[in-house]
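Me: I have a structure to study and would like to go through it step by step. Could we look at it together?

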Amino acid sequence: ADEGCPDNGVTITADNVVLDCDGHTIYGSGRHKGIDINRRNTVEIKNCRVVNFNRGISVEHSNHVTIRRSTVENNNEFGIHLRGASLNTLAGNEVFKNQQGIYLEASSDRNTVEKNTVADNEFNGITVLSSLNNVFKENTVGKSDQGSGNLFGFFVRLAHSNTFEDN
């Protein structure tokens, strides 16, 4: 049987990188990060399916990262996690069956989160902690057909000047 990646699936180690998975899956062993972006600039992740890691896609202390048209599911902690990451775009992603769906924290400022579908996560669909001036637009955040998941659609704490439009 396929055990999955024993460590991080993909670690982005340079700036100005495009990772197009073309619909392929990065499958983990329940630990580590599916896609790890730390201290990088101008990175695009698209058309990826990231499954069964601790954190699906992790963006830390990075700017101008775009994550689009990707599916992030069944990760133990976060689907998509931004920490100290600004000026990034999350667009057109499907994020479900994680502990937390999309999670912005620790001065993840001036990000755009739009047209994502976030459902059936154990706790919150989209969480914003200590992060400012983000735009959340046209996201679908809901429960599963079984009526479970997403304790809160949006959970916002110690965060101000964020814009929520047509969610």
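Me: Are Cys 21 and Cys 48 buried or exposed?

Reply: Cys 21 is buried, as is Cys 48. Buried means under 20% relative accessible area, exposed means over 50%, and partly exposed lies in between, with a 1.4 Å probe and protein chains only. Please note that this is a predicted model, in which local features need pLDDT of at least 70 and side-chain atom pairs count only at pLDDT 80 or more, while totals for chains, interfaces and linings use all residues. Residues are numbered from 1 along each chain as its sequence is written, and side-chain values use heavy atoms, with hydrogens and water left out.

Me: What do Cys 21 and Cys 48 form?

Reply: They form a disulfide, with their sulfur atoms 2.1 Å apart. The term covers a pair of cysteine sulfur atoms within 2.5 Å. A disulfide is a covalent bond between the sulfur atoms of two cysteines.

Me: Where in the chain are Cys 21 and Cys 48?

Reply: Cys 21 is in the loop between β2 and β3 (25-27), and Cys 48 is in the loop between β5 (41-46) and β6 (49-51). The pair is 27 residues apart and links distant parts of the chain. Strands here are DSSP runs (E, at least two residues), and helices are runs of H or I with at least four, numbered from the N terminus.

Me: New topic: how many residues of strand β7 are buried?

Reply: Six of the six residues of β7 (residues 55-60) are buried, so the strand is largely enclosed by the rest of the structure.

Me: Which strands pair with β7?

Reply: Strand β4 (residues 33-38) pairs with β7 in the parallel sense over five bridges. Strand β10 (residues 78-83) also pairs with β7 in the parallel sense, over five bridges. Pairing requires that DSSP find at least two bridges between two strands. As examples, Ile 35 has Ile 57 in β7 as its bridge partner, and Arg 55 has Phe 78 in β10.

Me: What about the salt bridges: how many does the count come to?

Reply: The count comes to eight salt bridges, each defined by a side-chain nitrogen of Lys or Arg within 4 Å of a carboxyl oxygen of Asp or Glu. One of them joins Glu 60 and Lys 33, at 2.9 Å from N to O. Glu 60 lies in β7 and Lys 33 in β4, so this pair ties together parts that are 27 residues apart in sequence. Glu 60 is buried, at 11% relative accessible area, and Lys 33 is also counted as buried, at 17%.

Me: Which residues are linked in a network of salt bridges?

Reply: The network links Lys 33, Asp 36 and Glu 60.

Me: And what does Arg 55 meet in a salt bridge?

Reply: Its side chain meets that of Glu 77, at 3.2 Å from N to O. Arg 55 is in β7, whereas Glu 77 is in the loop between β9 (71-73) and β10, 22 residues apart.

Me: Finally, what is the order of the open sheet of seven strands?

Reply: The order is β2-β5-β8-β11-β14-β17-β20, with parallel pairing. Its edge strands, β2 (17-20) and β20 (163-165), each pair on one side only.
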